Amino acid sequence: MNDHDVSESRRLIARHHAAHGRRRYLKVGALIFLAMLADFAIGVGSTVLYLKGKVHRVPPSPDAIEEAMVGRMHSLLGISPDEEEKLRDVIDSHLEKVEDIRQDSFDSIRDVFREMDSQFLDILGPDRHRAWKEEREKRFHRKKRPRPHDSDRRRRPGERDREERRGRIDDDGRPARPGPRHE
């Protein structure tokens with residue numbers, strides 16, 4: 001072998017090693033990219049799952065529930081107007097029970113937080129407790145507003161219409177006197 005062949009062989013070997021090294025860097029780079037992409041996907045997925053539990057959805061109004069149920073019964077079962085009226089009465093009475101349960105739950109939760117707050121007062125003292133309440137209100141942008149009594153509570157959209165239709169309240173929004181039910 002002459003010097004020219006040796007130098008040519010060395011050049012080919014060097015070129016082979018350089019190409020092989022580039023491929024190795026590309027493989028490592030691709031693996032790093034895939035790992036970063038997987039990490040991003042996991043982060044996005046976990047954030048979505050976390051926020052899904054945090055988003056407060058407004059429950060549908062009793063009227064919306066009633067209309068959906070009766071509408072579905074019309075399309076599936078072909079109910080008569082007499083059956084519809086009876087079904088609406090049943091739905092109304094049960095939705096009232098659900099609203100009572102919801103209100104009782106709200107009252108129980110409010111009582112627990114009031115008890116916790118009074119224990120904070122015992123531990124922190126009046127000045128620091130006041131500072132804590134101010135910070136909490138500022139953080140949650142809450143404005144204190146009095147809770148309405150059951151008799152003059154705000155009704156959900158359409159609730160007044162349903163109660164007027166059922167004869168439970170008069171045109172002025174006052175409870176109607178009980179009378180004979182339409183059968």
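I looked up Glu-135 and found it partly exposed, with a relative accessible area of 39%; here buried means under 20%, exposed over 50% and partly exposed in between, with a 1.4 Å probe and protein chains only. This is a predicted model, where local features need pLDDT of at least 70 and side-chain atom pairs pLDDT 80 or more, while totals for chains, interfaces and linings use all residues. Residues are numbered from 1 along each chain as its sequence is written, and side-chain values use heavy atoms, without hydrogens and water.

I checked the partner of Glu-135: a salt bridge joins it to Lys-138, with the closest N and O atoms 3.8 Å apart (a side-chain nitrogen of Lys or Arg within 4 Å of a carboxyl oxygen of Asp or Glu). Lys-138 is exposed at 58%.

I then turned to Asp-117, which forms a salt bridge with Lys-133 at 3.8 Å between the closest N and O atoms. Asp-117 is buried at 14%; Lys-133 is partly exposed at 24%.

Next I took Glu-66 and Arg-88, a salt bridge with its closest N and O atoms 2.6 Å apart. Glu-66 lies in α2 (residues 62–77) and Arg-88 in α3, so the pair ties together parts 22 residues apart in sequence. Glu-66 is buried at 0%, and Arg-88 is buried at 8%. Glu-67 and Glu-84 are linked with this pair in a salt-bridge network.

I noted ten salt bridges in the whole structure.

Methods
Helices (H or I, at least four residues) and strands (E, at least two) are DSSP runs, numbered from the N terminus.
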